[in-house]
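Thanks for coming. Please have the model open in your viewer.

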Amino acid sequence: MASHRRPKQPSRARVTVLTTAAAAAVALSSQAANAAPSEKPSKDEVKAKVDKLYQEAEQATEKYNGAKEKQEKLQKEISTIQDDVARGQKELNDLRDGLGSMASAQYRSGGIDPSLQLFLSADPDDYLDKASTLDQLSAQQVDGLKKIQEKQRELAQQRSEASEKLKDLSSTRTELGKKKKEVQGKLAAAQKLLNSLTAEEKAQLAEEEERASRNSERQALSAGDASTGTRAGTSTGTGRAAAAFAAAQSKLGSPYVYGATGPSSYDCSGLTQWAYAQAGVGLPRTSEAQTGAGTRIYSQSQLQVGDLVFFFNDLHHVGLYAGNGQIIHAPRTGTVVRYESMNTIGGPFMFGVRV
């Protein structure tokens, strides 16, 4: 006969926990249902995020420029070494042919000297180390063997140097690829943010930047002669600086393109390098390297037109001083070479350099 037992009742504590959990779940569900949808970021918030991404992209661009410059330098050095090796190998072959002719002459005259025969079938380095055999060679043969030995050592050193540079070139190319991806990633993220703006908001941002640039140009050119590069309230640049500044002025409106050095588009250090090249001065490729191109000027009041001016703690941005606290520079992707106030660059002024 089956037994009939009453079902076990849940404990008071377990009931309390379940009741509390259910209440919490209902409260959370209610909050989620009543929560307002997240608000779209404002135009200014988007601009701030975009500006930050562009700064990070420019940092990566300068690293990219450095890696690209190193790659080009290594390629030239490797090419030079390879040409030297080819010439050296020909010289070595000629030396060996000379000794071969000497051996042939000896054979025709009655047989090859045993020592020379040994050389022709072995490494001359090993052979010359056996000093006891030197007295068996003529002075002409000894001289020929020493030249071959020296040439072999020279070629071995050059080949080793080329091998190391090829390894360095491979790692540099890898770094170049990484930096290129980083730049492209930052720019894509910035563009995605910009695409979230309405056409009207985009137009407003463009107008604000254009208005600021026109104002900076007016301040730089105020009471000055734009054709001669003189500016009111500031010292004019010297011949080379003035020529470089005039060259930069001629490129106002040219688009910013990362990695570009002209003549139709530029990044920040590409513009300054190109401008000074028109004045007959060779500047390094990156902004950081350009800081060593002359005398540093730490006081903004002492800057002259055409001086290089550097911004941000890592010195990843450079322009040319235009006078009255303004510069000409290539700002970032999506902009053109333009005038801008030093106060609106987005990073602190570090120092100027008088080339």
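By class, the lining of the largest cavity comprises seven nonpolar, two polar and two charged residues. The classes are these: Ala, Val, Leu, Ile, Met, Phe, Trp, Tyr, Cys and Pro are nonpolar, Asp, Glu, Lys and Arg are charged, and the others, Gly among them, are polar. This is a predicted model, where local features need pLDDT of at least 70 and side-chain atom pairs count only at pLDDT 80 or more, while totals for chains, interfaces and linings use all residues. Residues are numbered from 1 along each chain as its sequence is written, and side-chain values use heavy atoms, with hydrogens and water left out.

On terms: the search uses a 1 Å grid over the protein atoms alone; a cavity is a set of points where a 1.4 Å probe fits but cannot get out, a pocket is an open set with protein on both sides within 12 Å along at least five of seven lines, and a lining residue has an atom within 4 Å of a point. Points are joined across faces, edges and corners, and the volume is the space filled by probe spheres set on them.

There is one cavity of 30 Å³ or more, and the largest cavity has a volume of about 50 Å³. Its lining residues include Tyr54, Glu58, Leu187, Tyr258 and Arg332. Helix H2 (43-108) and helix H5 (139-195) are the elements that give two or more residues to this lining. H2 has the largest share, with four residues. Helices (H or I, at least four residues) and strands (E, at least two) are DSSP runs numbered from the N terminus.

The largest pocket holds about 440 Å³ of space. Of its 20 lining residues, Lys47, Arg338, Glu340, Thr344 and Ile345 lie nearest the centre. H2, H6 and E5 each give two or more residues to that lining, and the largest share, five residues, comes from H2. By class it divides into six nonpolar, six polar and eight charged.

The second largest pocket has about 290 Å³. It is lined by 14 residues, with Leu194, Leu205, Glu209, Arg332 and Gly334 nearest its centre. H2, H5 and H6 each supply at least two lining residues here. The classes come to five nonpolar, four polar and five charged.

What are the buried residues of H6? They are Glu201, Leu205, Ser213, Ser216 and Ala220, buried being under 20% relative accessible area with a 1.4 Å probe and protein chains only.

Last, the sheet. Six strands form an open, antiparallel sheet in the order E1-E6-E2-E3-E4-E5, where two strands pair if DSSP finds at least two bridges between them. The edges are strand E1 (295-297) and strand E5 (338-341), each pairing on one side only.

Three bridges join E4 to strand E3 (residues 317-323), with Leu320 opposite Ile328. The hairpin of E3 and E4 has two residues between the strands, and Asn324 there takes a positive phi near 55 degrees. On to E5: four bridges join E4 to E5, and His329 stands opposite Arg338. Arg338 is also among the residues nearest the centre of the largest pocket.

Key
Buried < 20%, exposed > 50% of the residue type's maximum accessible area, 1.4 Å probe, protein only.
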